[in-house]
Amino acid sequence: MTDTGTEKKRSLSVICSKGSFDMAYPGLILANAARMAGVPARLFFTFWGLDIVNKKKIDHLHLNLVGNPSAPIPAMIAGLPGVEALATAQMRKEMERLEIPPIREFVEMLDDAGADLYGCQMALDMFKLTKDDLVPQVKDVLTAMDFMDMSEGAQIIFI
Amino acid sequence: MSLEALQTDAEGYLANRDDWSEELAKELATQMGIELGDEHWKVLKTARAIEGESGSSPGLRKISKRSETPIKSIYKLFPDGPAKLIAKIAGIPKPKSCL
């Protein structure tokens with residue numbers, strides 16, 4: 001009847017290393033899916049991925065069109081000023097239609113769902129940021145080794 | 001209908017939504033270690049209503065908004081995989097939504 005048992009031991013660790021609007025979602029969605037299914041989930045935000053939980057940037061992430069072969073417009077045009085902003089606005093609208101929450105709301109939702117969010121110490125140092133620059137849902141700042149220790153036995157996804 | 005005679009799919013979701021009753025929900029919940037209170041019922045009935053209207057099992061965000069139950073509370077009411085537990089107890093299929 002139930003499908004628990006082995007699942008109880010599963011856990012998921014997601015490493016978010018990219019800060020573009022389109023690359024922010026996969027990690028958040030996967031961690032959320034894990035929580036909905038009863039799997040413990042933790043996220044480690046490193047390098048550009050820190051932007052996802054940076055107070056100043058969380059509402060302003062941009063789509064990455066240049067150098068993206070999946071971009072729906074020619075590379076020459078994608079690089080023109082304002083084009084990425086336009087495309088990002090378009091995508092935001094489409095996501096709203098599908099009822100996918102904006103990043104800030106998504107991060108809050110993950111916290112409410114019991115996922116643990118961590119910032120990467122080295123990335124913070126590199127960008128001259130402190131924990132106070134991150135949204136309050138970030139539980140702690142860790143080294144990569146700390147994150148590895150808490151990920152023992154977990155499935156790790158790098159994005 | 002007794003729990004033994006119940007038809008479910010391979011993952012344990014009720015095969016036929018009409019086999020569902022409140023009594024059955026109580027039994028299923030007990031089996032999962034949950035004692036149903038008013039808050040649980042509000043969530044379960046909302047999930048069932050959305051599935052009835054749209055034909056697709058809702059994810060947690062939809063259930064949370066419609067039932068005006070915060071996500072945090074839903075995780076407290078149905079610990080250990082609320083999306084799955086709600087669908088199973090409410091007698092609806094596994095949610096297709098990722099949210």
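The chat below goes through the two chains of a predicted model.

Biologist: What should I know before reading numbers off this one?

Modeller: This is a predicted model, in which local features need pLDDT of at least 70 and side-chain atom pairs count only at pLDDT 80 or more, while totals for chains, interfaces and linings use all residues. Residues are numbered from 1 along each chain as its sequence is written, and chains are lettered from A and ligands numbered from 1 in the order in which they are written.

Biologist: OK, chain A then. How many helices and strands?

Modeller: Chain A has six helices and five strands, where helices (H or I, at least four residues) and strands (E, at least two) are DSSP runs numbered from the N terminus. Starting at the N terminus, the order of elements in chain A is β-α-β-α-α-α-β-α-β-α-β.

Biologist: And which domains does chain A have?

Modeller: The assignment for chain A, with bounds from an automatic or database domain assignment, gives domain 1 (1-58 + 102-159) and domain 2 (60-101). The C-alpha centres of domain 1 of chain A and domain 2 of chain A are 24 Å apart. Their contact takes 13 residues from domain 1 of chain A and eight residues from domain 2 of chain A, two residues being in contact if their C-beta atoms, placed from the backbone, lie within 7 Å.

Biologist: Which helix gives the most on the domain 1 side?

Modeller: Helix 4 of chain A gives the most to the side of domain 1 that touches domain 2, with four residues. By class, that side of domain 1 of chain A has seven nonpolar, two polar and four charged residues; here Ala, Val, Leu, Ile, Met, Phe, Trp, Tyr, Cys and Pro count as nonpolar, Asp, Glu, Lys and Arg as charged, and the others, Gly among them, as polar.

Biologist: Switching to the A-B contact, how many residues come from each chain?

Modeller: The contact takes 15 residues from chain A and 17 residues from chain B. On the chain A side, helix 1 (21-36) and helix 4 (103-112) each supply at least two residues, and helix 1 of chain A gives the most, with four residues. The side of chain A that touches chain B divides into eight nonpolar, five polar and two charged residues.

Biologist: What about chain B, what is it built from?

Modeller: Chain B has five helices and zero strands, and its pattern along the sequence is α-α-α-α-α. Its C-alpha trace spans about 35 × 25 × 20 Å along the principal axes.

Biologist: How do helix 2 and helix 5 of chain B pack?

Modeller: Helix 2 (residues 38-54) and helix 5 (residues 82-89) of chain B pack at an angle of about 75 degrees with their axes 9 Å apart, where axes are lines fitted to C-alpha atoms, for helices over the stretch in contact, and angles run from 0 to 180 degrees between N-to-C directions. The two helices of chain B are therefore roughly perpendicular to each other, a word used for angles of 65 to 115 degrees.

Biologist: Which residues meet there?

Modeller: B:Val43, B:Leu44 and B:Ala47 in helix 2 of chain B meet B:Ile86, B:Ala87 and B:Ile89 in helix 5 of chain B. By class, the residues of this contact are six nonpolar, no polar and no charged.

Biologist: Last thing, how much of each chain is buried?

Modeller: Buried residues are 30% of the 159 in chain A, and 35% of the 99 residues of chain B count as buried, a residue being buried if 20 or more other C-beta atoms, placed from the backbone, lie within 10 Å of its own.

Methods
A residue is buried if 20 or more other C-beta atoms lie within 10 Å of its own, exposed if 12 or fewer, and partly exposed in between; C-beta atoms are placed from the backbone. Angles under 35 degrees count as roughly parallel, over 145 as roughly antiparallel, 65 to 115 as roughly perpendicular and the rest as oblique.
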